[in-house]
Amino acid sequence: MALSDFWRDNKPAAIGALVVAIGALSCFTIVPETEQAVVVRLGDPDRVINRYRPNADFGQTGAGVVFRVPFMERLVRIDKRVLSVDMERQQVLSTDQQRIEVDAYARYRIIDPVRMVRSAGSTVRVGEQLQPILSSVLRQELGKRTFQSLLTAERGQAMKNIRDGLDRQAREYGAQVIDVRIKRADLPDGTPLESAFARMAAAREQEATTIVAQGQRNAQITRATAEANAAKIYADAFNKDPAFYDFYRAMQSYDTTFSNTKNAGTSTILLSPDSSYLRQFKGSTP
């Protein structure tokens with residue numbers, strides 16, 4: 001009974017106090033560390049809260065409870081974290097007339113929130129704007145290259161060029177492109193893919209044949225050099241004692257002639273005792 005009497009007697013004051021409390025609460029809002037906010041006053045960006053700063057320590061950029069004027073100011077919240085935009089799978093024609101099906105994505109961050117609000121209005125709109133730009137830049141860069149170059153170290157340079165081209169246009173929306181990556185770069189199924197595999201196999205076989213030929217050439221050069229060095233060593237050694245060299249060569253000849261294991265006991269050799277071939281048996285040269 002007393003509460004109802006109090007409400008009846010103080011209804012206007014209670015309603016006024018409630019309106020004041022709601023208005024006071026609407027003057028304050030919380031901006032977390034993961035967000036930066038642009039205060040828009042009467043349609044025009046006025047100030048930035050918790051602006052992204054490279055290398056700034058966590059908790060030292062202005063996040064927390066902030067004040068704004070109700071009905072005159074509104075907050076546009078912008079994610080400070082790294083965002084991504086995916087490109088729809090599409091075909092790109094390379095310089096070797098190969099139709100390549102490409103999936104790619106880009107990672108970016110909003111570094112100029114005021115420009116972003118003026119040019120796009122929200123991070124969602126920034127992503128929508130960057131998607132066709134990424135597609136266009138990627139198509140132009142990959143159209144200058146062959147499909148095979150995307151399988152080599154040249155792919156890194158292509159990605160750098162795409163990132164730089166996308167970053168130049170992303171700055172108009174207050175964004176900085178951090179990285180661009182190709183998730184997949186495939187040939188369409190069917191004849192193009194089979195033809196590419198056949199060309200790659202033929203190229204690898206040709207490369208293997210070249211490597212084998214070079215190895216054989218190098219082996220022949222090494223073998224010839226070794227034989228020449230051995231002959232020189234033998235010649236230098238035998239020139240020190242020519243008589244011993246004659247004796248050694250004669251012994252080799254006798255061994256080959258008289259100890260023929262293939263025709264042992266089946267051959268007859270007739271020589272004159274005065275034959276110069278048998279002079280080493282006499283113990284002296286004629």
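Predicted model: local features only at pLDDT ≥ 70, side-chain atom pairs only at ≥ 80, totals over all residues.
Local features need pLDDT of at least 70 and side-chain atom pairs pLDDT 80 or more, while totals for chains, interfaces and linings use all residues. Numbering starts from 1 along each chain as its sequence is written, and side-chain values use heavy atoms, with hydrogens and water left out.

**View 1. A three-stranded open sheet, ordered S3-S2-S5.** Pairing here is antiparallel (a pair needs at least two DSSP bridges; strands are DSSP E runs of at least two residues, numbered from the N terminus). S3 (44-49) and S5 (73-79) sit at the edges, each pairing on one side only. Neighbouring strands are turned by 30° on average, direction ignored (axes are lines fitted to C-alpha atoms). Seven bridges tie S2 (residues 35-41) to S5; in one of the bridges, Ala37 partners Arg77 of S5.

View 2. Glu73 is buried, at 4% relative accessible area (buried means under 20%, with a 1.4 Å probe and protein chains only). Its side chain makes polar contacts with the side chains of Arg41 (2.4 Å) and Arg47 (3.2 Å) (N or O pairs within 3.5 Å, one able to donate a hydrogen and the other to accept it). Glu73 also touches other residues, among them Val39, Val40 and Arg68 (heavy atoms within 4.5 Å).

**View 3. Helices H3 and H4 crossing.** The axes of H3 (residues 123-142) and H4 (residues 154-170) come within 9 Å and cross at roughly 145° (helices are DSSP H or I runs of at least four residues; angles run from 0 to 180 degrees between N-to-C directions). Contact residues include Leu130 and Ile133 of H3, and Ala158 and Ile162 of H4.

Key: Buried < 20%, exposed > 50% of the residue type's maximum accessible area, 1.4 Å probe, protein only. Lists of a residue's contacts leave out its neighbours within four places in sequence.
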